[in-house]
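I opened this notebook to keep track of what I looked up, one topic at a time. The model comes next, and my entries follow it.

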Amino acid sequence: MTQKDKMLAGELYTADDPELAADAARAMRWLERYNRMLAASADRHAMLVEGLGSAGAGATIRPPFHCDYGYNIHLGRGVFLNFGCTILDVVRVDIGEGTQIGPGVQILTADHPRDPAARAQMLEFGRPIRIGANVWIGGGAIIVPGVTIGDDAIIGAGSVVTRDVAAGATVMGNPARPRG
């Protein structure tokens with residue numbers, strides 16, 4: 001099993017593997033081109049289709065945007081990410097149609113062993129993130145590895161989402177907790 005296979009399976013892997021380094025370099029070249037396209041255009045959506053795993057019709061990401069690989073990111077129709085979002089996509093990230101994501105949001109699938117000896121070996125792993133349809137995530141929120149956010153949920157600005165969020169729920173704070 002290659003390091004990339006291990007990464008995609010959510011198992012421990014080393015990111016300095018030559019195949020992963022080449023994938024990351026390709027993503028960096030794509031991001032450099034994408035982030036220069038400040039004006040919204042059909043060309044920008046075509047670039048999303050080129051650089052991401054999938055991007056539904058009308059999906060928009062306002063530059064600057066940052067990610068690890070791109071190929072693990074899947075955007076539904078009409079998804080909107082505002083300026084300055086970061087997605088660490090060592091495993092799959094699904095964002096459902098019509099979801100709106102505020103500026104500076106971080107979606108982080110990358111995780112590290114809790115054991116310091118394993119961390120010292122430069123091992124890491126990922127846990128997928130699933131964000132449902134018609135979700136609203138306020139600016140500056142952080143979504144940690146392995147979280148699922150249900151359809152129609154609202155995540156307050158600046159929240160740190162450490163647990164799954166039920167469909168239709170509103171959560172806020174650090175850690176994010178349900179609000180009525």
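**Strands and sheets**

I began with strand E14 (residues 136-137) and strand E17 (residues 154-155), which run parallel and are joined by two bridges. Before going on I noted that this is a predicted model, in which local features need pLDDT of at least 70 and side-chain atom pairs count only at pLDDT 80 or more, while totals for chains, interfaces and linings use all residues. I also noted that residues are numbered from 1 along each chain as its sequence is written, and that side-chain values use heavy atoms, with hydrogens and water left out.

For my own reference, strands (E, at least two residues) and helices (H or I, at least four) are DSSP runs numbered from the N terminus, and two strands pair if DSSP finds at least two bridges between them. Looking up the partner of Ile-137 across that pairing, I found Ile-155 in E17.

I then traced the open sheet to which E14 and E17 belong, and read seven strands in the order E3-E6-E9-E14-E17-E19-E20, with mixed pairing. Strand E3 (60-61) and strand E20 (177-179) stand at its edges with a single partner strand each, so one side of each is left without a neighbour in the sheet.

Another open sheet has five strands in the order E2-E5-E8-E13-E16, and its pairing is parallel. Here the edges are strand E2 (54-55) and strand E16 (148-149), each with a single partner strand, so one side of each is left without a neighbour in the sheet. E2 pairs with E5 over two bridges in the parallel sense, and Ser-54 stands opposite His-74 in E5.

**Nonpolar cores**

Which residues touch the most other members of the largest nonpolar core? I found that they are Phe-65, Ile-107, Ile-137 and Ile-149, in a core of 38 residues. By a nonpolar core I mean a set of buried Ala, Val, Leu, Ile, Met, Phe, Trp, Tyr and Cys residues joined through side-chain atoms within 4.5 Å; buried means under 20% relative accessible area, exposed over 50%, and partly exposed in between (1.4 Å probe, protein chains only).

Returning to Ile-137, I listed its contacts (heavy atoms within 4.5 Å), and not counting residues up to four places away in sequence they include Ile-131, Ile-143, Ile-149 and Ile-155. Apart from this core lies another, of six residues, among them Met-7, Tyr-13, Tyr-69 and Ala-110.

**Aromatic pairs**

Rings of Phe, Tyr and Trp (its six-membered ring) pair if their centres lie within 6.5 Å, with planes under 30 degrees apart counting as stacked, over 60 as edge-to-face and the rest as tilted. I found two aromatic pairs in the structure. Trp-30 and Tyr-34 are stacked, at 5.3 Å centre to centre and 25° between the planes; being four residues apart in helix H2, they are separated by about one helical turn, and both are buried. Tyr-69 and Tyr-71 are also stacked, at 5.5 Å and 20°, with Tyr-69 buried at 5% relative accessibility and Tyr-71 partly exposed at 21%.

**Backbone entries**

Most residues other than glycine have a negative phi, and most peptide bonds are trans. Pro-64 is found in the loop between E3 and E4. Another cis bond joins Asn-174 and Pro-175, with omega about 0°. Met-122 has a positive phi of about 65° although it is not a glycine, and at 58% relative accessibility Met-122 counts as exposed.
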